[in-house]
Amino acid sequence: MEIDDLIRGSDDRRLKTKYNNAIYVIRRALALYSVEEVALSFNGGKDSTVLLHLLRAGYFLHKREQSHSNGVLTDHEVAFPIRTIYFESPSAFPEINSFTYETASTYGLQMDIIRLDFKCGLESLLESKPIRAIFLGVRIGDPTAVGQEQFSPSSPGWPPFMRVNPILDWSYRDVWAFLLTCKVPYCSLYDQGYTSIGSVHDTVPNALLCINNSSSSKEKFRPAFLLSDGRLERAGRAKKFSSPVCRSGYPAVSNGMISVDSNKNSTLTATVIGVGDEILFGTVNDELGPSLCKKLHSIGWSVPQTAVLRNDVDSVAEEVERWKSTNDVVFIYGGVGPLHSDVTLAGVAKAFGVRLAPDEEFEEYLRHLIGDHCTGDRNEMAQLPEGITELLLHEKLPVPLIKCQNVFILTATNVTELDNEWDCLIELTRSSGLLVLMEPFLSKCMTTNLSDVETAPVLSKLRFEFPDIYIGCYRKSRLAPLIISFQGKDQTRLELGVEALCKQLPAGQISEAN
């Protein structure tokens, strides 16, 4: 079989690994379901083109094993009988339609052309055909594919079938390595600078492939396989971005207080989110959240809220989506890694409505860190939110920090690691302006043995006299002295607040806390 021969003769070890894993998934599906019970969803794009030829190779190998002919079978003796589904859309590029029909003719595909919407068309098809499993050219990162595996039942509310995803963990680079190695035809739009093709209404050539030619008024583009950064595959798709991390004209915020001096006391806000069932179960103490709050206060940022979430993609997505638009920055820690419970990156991707996609640069850092344990065939840690991820490099970090627009994803698992990541982030900030470094919050604590009832009227009055200062109260135990804390950015105002407190309480009943 020409596809199998070309891949096995290639020197690309990564491509061979990806190919072998995909063929395993295909042969497993063909062992579970009869040919009449499977179908291929084909849309003319590069991913489904890869899938078509993987299926051709996989079916050939499956039939060869069944016939026990030890390679006697030829390509011509093994017709491709798998039903092919094509959802024809009026907004599709003419080149996509042409390529699809040419491909069907070249390889003798049994085409079912559906002109209804995807769900209705699928329901109608499954009612009339005995299809139980559909091969899809989905790659990790599609918002609908979050949480999927190679074999995943259809979602609730959809007709029941098994989604089979042989190229789920393939990167942009892997797709083009396969197409070029196997020398198979692909849609001509990819040679015109299109790197990801949707409808005619939301797709343009990728500007990163534009060729500057002053002698011609018409823009020209290099082919898609020359895109060096696969993370920018969808740069030719229409996108909506949220505001930048730190707005140039940031507003004055005051922890629920009115700012007296808006220039000096203006504050940026950050939400801190921890992810981990072990925190919610009480198995471990969360030391990172409080430590991060202190660090943010040290650079003058306010933390209006923190949250600890369970290991659930939707919970992370909802919380990140809620706070990324109302706060200047979101910091999130925990749930980063290859385990089933590591859902943070998938949640962040879903919050922004983007795909998780293999990041080859990040995978290289992981490979240097964990060596042979990073096989390259399914490295979940190298899947990052597509098109919005920036890797923050620092010589003291074994792997880069991950920044998705105004969301910083920390990989620290203890305070020592967090200290290192924070120090590196501050160094990067000073050189590239990642965050605004502001006047730090100052604090002063007083203590008294008076009861809450005796101190309440005085503190209520002070709160209105000093609206720019946060006045908090707490006890370390029920019978311990009351500690009154003053926090703000103006040393003079803090001292005036403490002085006013001392004057309004009985002499000798208030002192500075140790």
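Phenylalanine 42 counts as buried at 2% relative accessibility, where buried means under 20% relative accessible area, exposed over 50% and partly exposed in between, with a 1.4 Å probe and protein chains only. This is a predicted model, in which local features need pLDDT of at least 70 and side-chain atom pairs count only at pLDDT 80 or more, while totals for chains, interfaces and linings use all residues. Residues are numbered from 1 along each chain as its sequence is written, and side-chain values use heavy atoms, with hydrogens and water left out.

The structure holds ten aromatic pairs; rings of Phe, Tyr and Trp (its six-membered ring) pair if their centres lie within 6.5 Å, and planes under 30 degrees apart count as stacked, over 60 as edge-to-face and the rest as tilted. One of these pairs joins phenylalanine 42 and phenylalanine 99 in a tilted arrangement, with 6.5 Å centre to centre and 35 degrees between the planes. Phenylalanine 42 lies in the loop between strand S1 (38-41) and helix H3 (46-67), whereas phenylalanine 99 belongs to helix H4 (residues 94-107), so the pair ties together parts that are 57 residues apart in sequence. Helices (H or I, at least four residues) and strands (E, at least two) are DSSP runs, numbered from the N terminus. Phenylalanine 99 is also buried, its relative accessible area being 8%.

Another pair, formed by tryptophan 170 and phenylalanine 178, is edge-to-face, at 5.9 Å centre to centre and 65 degrees between the planes. Tryptophan 170 is buried at 0% relative accessibility, and phenylalanine 178 is likewise buried at 0%. Elsewhere, Trp176, Tyr186, Tyr190 and Phe225 form one aromatic cluster.

Serine 91 is found in the loop between strand S2 (83-87) and H4, and at 19% relative accessibility serine 91 counts as buried. Its side chain is joined to that of serine 89 by a polar contact of 3.0 Å, a polar contact being a pair of N or O atoms within 3.5 Å; within protein, one must be able to donate a hydrogen and the other to accept it, and residues adjacent in sequence count only if both atoms are side-chain atoms. Leaving aside neighbours within four places in sequence, serine 91 is in contact (heavy atoms within 4.5 Å) with Ser199, Val200 and His201.

Phenylalanine 486, in strand S19 (residues 482-488), is buried with a relative accessible area of 1%. The C-alpha atoms of phenylalanine 486 and serine 443 are separated by 5.4 Å, although these residues are 43 residues apart along the chain.
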